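I would like to walk through one structure with you, so please have the sequence and the model open while I talk.

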Amino acid sequence: MTDSFDAMFSDLIAQTQRAAEGLGPDAEQLDEMDEVVGHAADERIAVYMKAGKVTRVELQPPVRKLELHELGDELVVAINAAIEANLASVMSLQQDQPDFESLTGQLHSIQTESIRQLEKYTQGMYEMLKNAKEMGKHG
């Protein structure tokens, strides 16, 4: 009896996990995202991103005087800043999404407690029937 009950909860948990995997911004939401920018070298380097892709890089003339290794280091700073801004933008789109991890945990708890209670009930019914059978033998 508990096997079918357990299977029902396992299926529900699996469905919840599949729904959680499908979360994230869809293509339309990504298209509507604002372009973000990361700066470096006192804002003389700007890296622009939209939907996780670099859209352009702007270098102000004074930055061109940097040594190549300095320019490379500053570009890394600007790119990382743009990635962080892009991630913050994506995360803001997901703020209203349900917490499927928490929901899955709650379902596991409900499943465990429900099966325990069902087994307890079944054992009680078995004991009652056993007692009734014994009473019938003596009565």
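**Contacts, core and salt bridges**

Let me begin with Ser89, which, once neighbours within four places in sequence are set aside, is in contact with Met33 and Val36, contact here meaning heavy atoms within 4.5 Å. Ser89 lies in helix 3, where helices (H or I, at least four residues) and strands (E, at least two) are DSSP runs numbered from the N terminus. At 17% relative accessibility Ser89 counts as buried, and the scale I use is buried for under 20% relative accessible area, exposed for over 50%, and partly exposed in between, with a 1.4 Å probe and protein chains only.

A word on the source: this is a predicted model, in which local features need pLDDT of at least 70 and side-chain atom pairs count only at pLDDT 80 or more, while totals for chains, interfaces and linings use all residues. Residues are numbered from 1 along each chain as its sequence is written, and side-chain values use heavy atoms, with hydrogens and water left out.

Which residues make up the largest nonpolar core? There are ten of them, namely Val36, Ala40, Ala41, Ile45, Val47, Met49, Val63, Leu71, Ala78 and Ala82, where a nonpolar core is a set of buried Ala, Val, Leu, Ile, Met, Phe, Trp, Tyr and Cys residues joined through side-chain atoms within 4.5 Å. Two or more residues of this core come from each of strand 1, strand 2 (45-50) and helix 3 (68-94).

Met49, in strand 2, is buried at a relative accessible area of 6%, and beyond four places in sequence its contacts include Glu35, Val36, Val54, Ala82 and Ile83.

Next, the backbone. Most residues other than glycine have a negative phi. Ala41, however, has a positive phi of about 50 degrees; this residue sits in the loop between strand 1 and strand 2 and is buried, with a relative accessible area of 10%. Ala51 also has a positive phi, near 55 degrees, but its place is the loop between strand 2 and strand 3, and it is partly exposed at 28%.

Finally, the charged side chains. How many salt bridges are there? The count comes to three, taking a salt bridge as a side-chain nitrogen of Lys or Arg within 4 Å of a carboxyl oxygen of Asp or Glu. Glu35 pairs with Arg56, their closest N and O atoms being 3.0 Å apart. Because Glu35 lies in the loop between helix 2 (27-32) and strand 1 (36-40) and Arg56 in strand 3 (residues 53-59), this pair ties together parts that are 21 residues apart in sequence. Glu35 is partly exposed at 37%, as are Arg56 at 34% and Glu58 at 30%.

There is also a salt bridge between Arg116 and Glu113, at 2.7 Å from N to O, both residues lying in helix 4 (residues 100-138), three residues apart, about one turn of the helix.
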